[in-house]
Amino acid sequence: MTYLLQGNTAFSLGSKKSIPCALHSRAVCRPSVQLRASRTAVVVHAQQKTRIVRGKCYVTKDNIDTDQIIPAEYLTLVPSKKDEYEKLGSYALIGLPTELYKTRFIEEGEMKSEYPIVIGGENFGCGSSREHAPVCMGAAGTKMVVSQSYARIFFRNCVSTGEIYPVETDERLCDVLETGQEVEVDLEKDVLTDIASGKQYPLKSIGEAGPVVDAGGIFEYARQTGMIKRAATA
């Protein structure tokens, strides 16, 4: 049996079936995990999902940590409250050093970013295990992150919250692309296209993590697949 963890709750993704190698163990997969109730609030404002996204990319480098994604001072915001969820998005990637990132991910005074696709290098999302990291990026309008590798817990949180698609590639796109370039990420064909040049770069399949993000997170996925019952309506 394979489990994907959300907070302190473990959900089975099917007996006698393991997560495909596309996850590279970045989602927590453990046999014989005790099921316990989650103490973590679930975000209910997940954006509508599409596996084909075209728009400007925002390029980062290696070892972007969760403190750069969302500094600890903003973790008091509660994502399950719509107004605080939106405010959380306005702080996405605010911790990136200004001397290295002259172009800011979100302009001052704005709530949303003009970059639906974030490009990273190695170990994107390292640091503490805060769920606010992918949540704030999703709230800001991020649809996908494309990196060479991810910190395991950040990858898991992207999938379990359903906020953004964490996509892997063997290509070092952070040295090829520049912030502001228009690209298209197609998860149906597993390819990223530089619109200006037409050049395409292969991506790794997101595998069985994809349907979880499609659904809007692990809890909604569990409801849709019958793993947990939906609340009765009057």
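Buried means under 20% relative accessible area, exposed over 50%, and partly exposed in between, with a 1.4 Å probe and protein chains only. The model is predicted, so local features need pLDDT of at least 70 and side-chain atom pairs pLDDT 80 or more, while totals for chains, interfaces and linings use all residues. Residues are numbered from 1 along each chain as its sequence is written, and side-chain values use heavy atoms, leaving out hydrogens and water.

Select helix H4, residues 152–161. Helices (H or I, at least four residues) and strands (E, at least two) are DSSP runs, numbered from the N terminus. In H4, 8 of the 10 residues are buried, among them Phe 154, Arg 156 and Thr 161. Gly 162 follows H4 and has a positive phi, near 70°.

Next, show the aromatic rings; the structure holds 9 aromatic pairs. Rings of Phe, Tyr and Trp (its six-membered ring) pair if their centres lie within 6.5 Å; planes under 30 degrees apart count as stacked, over 60 as edge-to-face and the rest as tilted. Phe 124 and Phe 154 have ring centres 5.4 Å apart and planes at 65°, so this pair is edge-to-face. Phe 124 lies in the loop between strand S4 (117–119) and H3, and Phe 154 in helix H4, so the pair ties together parts 30 residues apart in sequence. Tyr 150 and Phe 154 are both buried.

Finally, select Tyr 58, Tyr 101, Phe 105 and Tyr 115, which ring pairs link into a cluster.
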